[in-house]
Structure formats: C-alpha cells, structure tokens
Amino acid sequence: MNNIDSPGHVTGKSVYLDDIPIQKGTLHAVVFSSPIAHGRIISLDIREAQLMQGIERIFTFKDIPGKNQIGGIIEDEPLLAENEVHYIGQPVALIVAIDEHTARKAIKLVNIKIEEMEPVTDPRIAKDKGLLLVPPRTFRTGDINKAWSECKYIFEGTVESGGQEHLYIETQGAYAYTLDNKSIKIHSSTQGPTAVQRTVAMVLGIPMNRVEVEVARLGGAFGGKEDQASGYASMAALAAYILKKPVKISLHRADDMRMTGKRHPYSSDFKIGLSANFKILAFKSTMFQNGGAAADLSPAIMERTLFHSTNAYFIPNTEVTVYSCKTNLPPNTAFRGFGAPQGMFVIESAIARAAAELKIPARAIQVKNFLKENDEFQYGQVAINVNISKCYREAYETYRLDKIENDIIDFNKENKLVKRGMALMPVCFGISFTKTRMNQARALVHIYHDGSIGISTAAVEMGQGVNTKLAQVASRALCVNIDRIKLETTNTTRVSNTSPTSASSGADLNGNALLKACNTLMKRLKETAAAMLECKPEMISFKDEVAFKNGHETNISWETVVETAFFNRVCLTENGHYATPVIWFDKNTEKGHPFAYHVYGTAIITVTLDCLRGTYEIDDVLVVHDFGNSMNPAIDTGQLEGAIVQGIGWMTMEEIAYNKEGKLLSNSLSTYKVPDIYSAPKVLECHALETEGPELAIMKSKAIGEPPFMYGIGAFFALQNAIKAFNPGYKIEFNAPLTPEKVLMRLYNSL
Ligand code: MOS
C-alpha cells in the first residue's frame, strides 16, 4: 500500500507550517543571537532597534512572565540569555516586527557588549576542566581486569566521529496566537507536541491546559525537532501572549544551521582483547560525547550509546563509560540512531583494528562473535529471537559474499590505480524509549454516524509514513476500507501527555493504543449487530464492511450497524491507552529489560576508490533486514533506503566544521555536503528476512526508522579496505567522516 500522503506531497497540496494561512496583523519574529561562543554580557542595548519603524517590540529575558527555561531533561538552558552566553547563535533577544524583513534589519541595530571568555569546543578538554553536563555512566559485565590476562591479543586505539546536520527540508518554526479564553494556540514544527506545550506553559507561567499545540505534519525532522522545536515555539508564544497578536517565526536555513544542535561528535578510546581463535573476550571503551552548551537530550543519547556499544556481539567482559561533555557549541541533540551509531562505530573500529593487526578480514571476527539466543546483553536483558546470524547467513548466500570477496581480490590484482573494498556491517538495535515511562501512547477514535472514522494519536507525521500505518491498523481492526479513515492532525487538546514521535517507536506505541481503541469499538458494534440479528455477539464477525453471522454473510453493512448503534445510544468514540509491557530498567545497577525487542540485519557494502584523486563511489549496499512481518513494505523499504544513504553521508562526506572560536564554518550547502543522487549507492538491494515478527511490534511489523541508518557505517570500513589495497603500509585510522581529502592523504601517507 502506498503512503496516503504521497499525492499531497507530489502535488504540493500537503500543508506545512509555512502553508498555514496567517491571520491579518500577524507579526514576524527573528532572533538576535550571540556572536560570541563564551562570555559575560556587559550590556545589551535595544533602544535604537526598538525605535526603528515597523518594530513592534523587542523581547529579552526580562520580559518572560514565567521561567526563562527550556531544558527538557535538565533545567540548564535559558530561552533567552541572561548574563552569559555559551555558544555562537544562542538566542539573546527576540525582535518582533510587522514583517520579517524589517525585523531582520533591526538585528544590526542591537548593541551587545560581551566580555569574552575562552571557549571550549573539544569534549576531552571539557572533561579535563570538569565541564560535564551530567555525571558519567558506565555499563559493566564480567570482570574486565581479570579478562585481559586471558586474552591472546590486545589492541587499543582512538575513534573520532563527527556531527551531522539534520537538514530537514522544513526549518524550525512556529505560529502562535491567543484564543479568547486566555489560552494560546501554537502551530509548531515539532516531533514532541507535549514537550512544546510543557515548555510554553513554563515560559509563560500558565498551566498546560491553556496551551494548545497543533501539528499537521513536518517537512522532515530526523530527531532535530524532538527537543529543539520547543525553544522556537516558546518564542512565538511569548510574543503572541504578551502582544495579544499572532506571531510567526520561521528560521532561515543559514540561521537554522548556525543556531541549532546536531548529531553529537564523539571522541573515544578503546581496548579490545581476543582469544587465540578470535573470540572477543574483553572490550573497554571511554567515550567523550560533545554535548554542546546545554544538556538538551544528551543524557538520554549517552544512554543509548551505552546500550549499543557492543552492537550485535556477545562480549563476556565489558566496561564502557560515556562522559557527556559541556562545550561552547549549540546544544547537540537527537539524530536518527540517538547515540547508537556513535557507539557502534567504536566497537566496529576496535574489530577493524584487531583484524588489521592480525591480518585477517574483519568478517572473521564479526561472525565469530555474533550474539546468540539467550546471551545476556551488557545491560542485563536476555536476548531472544536473535536473528543476527540468520541475517548474515542469508546475506552470504543471497548475495554470494564469497564471490564478492574473490572478485574484489581479482579486481585489485588487475588494477593499480583503482581499488575496490568491501565491509560487512551487522546491526542490532533495541526498540523502546530507554526511559521506560516514555513508552506509552494514546489514541482517540471517533466513528461518525455516517460510518466515517476520525483518528487522533500522539504520532507526528514527518514523512516516515506513520499515518499510513495507523490507517492500516484501524482498517484491519475495524474491517473497513481505508478510504473511510481520516488521520487527524496531532493536537495536545485531543491527545494529551504524549511522548515525542521518536525512538523509531511512533507506529508501535500509537498503533497499539489505536488497536485497543478500535477493538473496544468493534466489540460494541458486534453487540449491536448481534441484537439486530438476534444472536450472540460471539457469532458476529466483520469482513470488508459486512457483518457475518457464524461465518455467513448477512445484509448488515458497516454503515447500517454504525447508524443503528448511534440510534441505540451506543458510544462510538473510544480512547485507547497503551503502555509497553515487560520493559523496565534500574539505573542504579544499570541492568534491566529496557527493550520490547531488537531489530537485526546485515549489510554488505562495496566501494570503488580512485587512488589518484581520492574520490570514490559506493557501489553496492546489499542488505538482509529483519522487518518482522512488515505491514507496509513500500514504506519500510523507503525508510531503509533513506536511512542508509543518510548513514553513508555521516560516515563519508558530511563534515561539520567549527573553528577554535566556536564559529560554524560549514554553514551552508556549499560548504556542507550531503549525499545527492550521485553519491547514493549504485545498487541498493534489500532482502527481507522471513520471520514471524515479535508480539510487541505493531501487527508484528518491526520498527524501521533508525536501525538501517547504521548499515551506512559499513561504507567507512569498505573505504578503509580499499585504501589498504592500494597502500598496504597504511595503519587504519578511525576518523569519520572519511572525506575524499582524508582518503587521499591516507592513500599516500606512508608510501
Ligand atoms: Mo529520534 S533520533 O529518537 O528523534
């Protein structure tokens, strides 16, 4: 089934924030932000700007009626700077004018004096200075100190992974206006409507019931709007609430890139120990997460790094520590994978280092250490329905991995200046928010008395196709045609206390809540039909909008039964609530059962490298992926393909650069390269592993948003292998992204 949103998208009819018709008299807001990465504000003079014609008002922290605070996990982030600034682009004042052009002109008239302090941009330096956002955390298993003595081989190294710009097509923005009952309504481009509601309520000093957040859809998010939408929504709300006029804010691309946080860069040390037959006996890693100037979601992201630091392997003795470091960069935030890619890159690097030193293919170590049924993850959960070896074997056979490897060997023998490389990238990704309490959702279903259906949930549609999946759930549960179903906007007044649409779990959580609501409604309709047919409700079933009695078709249609139920005063509205069962986690012991299930898969990635120029092409990405029992192969394949290309981008070409003063250098699309069609793999094939799928996935269809991102990590190692084929003396380095410039230096550095 196709994505129900596609016709709207391709004809331009889908409504995004910027398409909402604005009210007459709407004002426009722009942000005056800090030009300095770290310093004390000596003075802020807005008088001249305020006098400019067309300027309605300029807000500073002094104008905030509630708390000047937008921190989601920790209250460490002001909406508008007070006495200090901590990164370039930190909002200091909000300029509100009759139009955006005027507001922008006034930026230049704001006078700020800042006593500069030394900025810190390196997480290791931050850690040495004691600048941590939260205390470090460590996951341990076995006895690491004892284990080293049992290892035949021990290797150490460092790993650097870079940031990543979300580059959602729709930038951050919000549109806010007051309602007549002392309330405020905000249209926000957010993954987390409740986070926006809560933050706005806090900033305005009013209860949450007076804040309504409305989200039609997002033009992409990728995690960038899980937390960071709240600030911009709060700004629009602040101005609208005080001025009693509608206010809109919509960031220019350059401002969005400069002011918002990105994927966290990590700098890590590892030590890996293996037995004589390449069993990984011990793995130790210390990782320094570059958190930026405020906690944002860093503590949760650090947690997922820990959970996934051994990827798809069973390692009996581990000790992994993550430091969340405070630096003078925009607060880094959620990005597809949520810390897992950074963690997986470290263990894969450790394996690659061991393989290089032992002169064996990394695959020999990877395959030997795959997680098996009933192995215990380092966080205590016992692994069940482990599909990693199955995915690997199927990839080996389906794509003839032996032949791929031999072809590459032959090719590299025959070609001097062009080399090919291959890597295997296994993935094991846990599904559920790592914070147990976030794993809940609600769905509100109305069956109108003409038989049509309206569905509201907490899920935010951001291009990932969650609305289509939800429509499928309802269609199946109510046995009606999908055309009868309308997915409503996401709105905090209809569905409250929502978790953000993230952690790949939008369809699972909201789908299960929806399923419960639909099942309850179905029960009522069966009772109505039973009364009409003078039989017991157990005898009734529905199929294709028709009631069946004891398996025999009747002349009672969906419309008739709905209409009759309505006349009989049966409630045709239901609110479903779902909380993932089974899961729990104890932060004191760092053990528990945090995930509903895991997603597995394996990718084979091959590349061709031009050894004169350092340029390369990603040839094939050949995947065996465990979708469970996919409820929508078109959407799931689309998610998989997009995630892989995004993962390859992170690993190979997307290079975020700040200078020492904390200024973003890669601040436009001419200096920041994202994958285009020419840099996408030439062949991207995916073979679905045949499995039943877990009970806890919606209709046994596994979550898809994040797991495939990490296949992209294979591109990095495939390139390393191609470099090594040309330059055998090259000592493998783990510094991503592996841009053509870096490749060129590595091709020739030890010749
Ligand atoms: Mo996603 S990175 O969990 O918003």
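1. In this predicted model, the side chain of Tyr 168 makes a polar contact with the side chain of Gln 172, at 3.1 Å. Tyr 168 sits in the loop that runs between strand E8 (153-161) and strand E9 (173-179). Despite that loop position, Tyr 168 counts as buried, because its relative accessibility is 0%.

2. What surrounds Tyr 168? With neighbours within four places in sequence left aside, its contacts are Gly 219, Gly 220, Ala 221, Phe 222, Gly 224, Lys 225, Arg 253, Asp 256 and Thr 260.

3. Helix H6 covers residues 193-204, twelve in number, and should span 16 Å at 1.5 Å a residue; the C-alpha atoms at its ends are 16 Å apart, in agreement. Ten of the twelve residues are buried, so H6 is largely enclosed by the rest of the structure. The buried residues are Pro 193, Thr 194, Val 196, Gln 197, Thr 199, Val 200, Ala 201, Met 202, Val 203 and Leu 204. Their cover includes strand E10 (183-188), strand E11 (211-215), helix H7 (229-243) and strand E20 (490-491). Just after H6 comes Gly 205, with a positive phi of about 70°.

4. Helix H14 (residues 466-478) passes the same kind of length check: its 13 residues should span 18 Å at 1.5 Å a residue, and its end C-alpha atoms are 18 Å apart. Because twelve of the 13 residues are buried, H14 is largely enclosed by the rest of the structure. The buried set comprises Val 466, Asn 467, Thr 468, Lys 469, Leu 470, Ala 471, Gln 472, Val 473, Ala 474, Ser 475, Ala 477 and Leu 478.

5. After H14 comes Cys 479, and its phi is positive, near 55°. Why does Cys 479 form no disulfide? The closest cysteine sulfur, in Cys 518, is 10 Å from the sulfur of Cys 479, which is too far for a bond; the cut-off for a disulfide is 2.5 Å between sulfur atoms.

6. The structure as a whole holds zero disulfides. Is Cys 151 buried or exposed? Cys 151 is buried, because its relative accessible area is 12%, and the limit for buried is under 20%.

Key: Residues numbered from 1 in each chain as written. Predicted model: local features only at pLDDT ≥ 70, side-chain atom pairs only at ≥ 80, totals over all residues. Heavy atoms only, no water. Helix = DSSP H or I, 4+ residues; strand = E, 2+ residues; numbered from the N terminus. Expected span 1.5 Å × (residues − 1). Buried < 20%, exposed > 50% of the residue type's maximum accessible area, 1.4 Å probe, protein only. Contact = heavy atoms within 4.5 Å. Polar contact = N/O pair within 3.5 Å; in protein donor to acceptor, adjacent residues only side chain to side chain.
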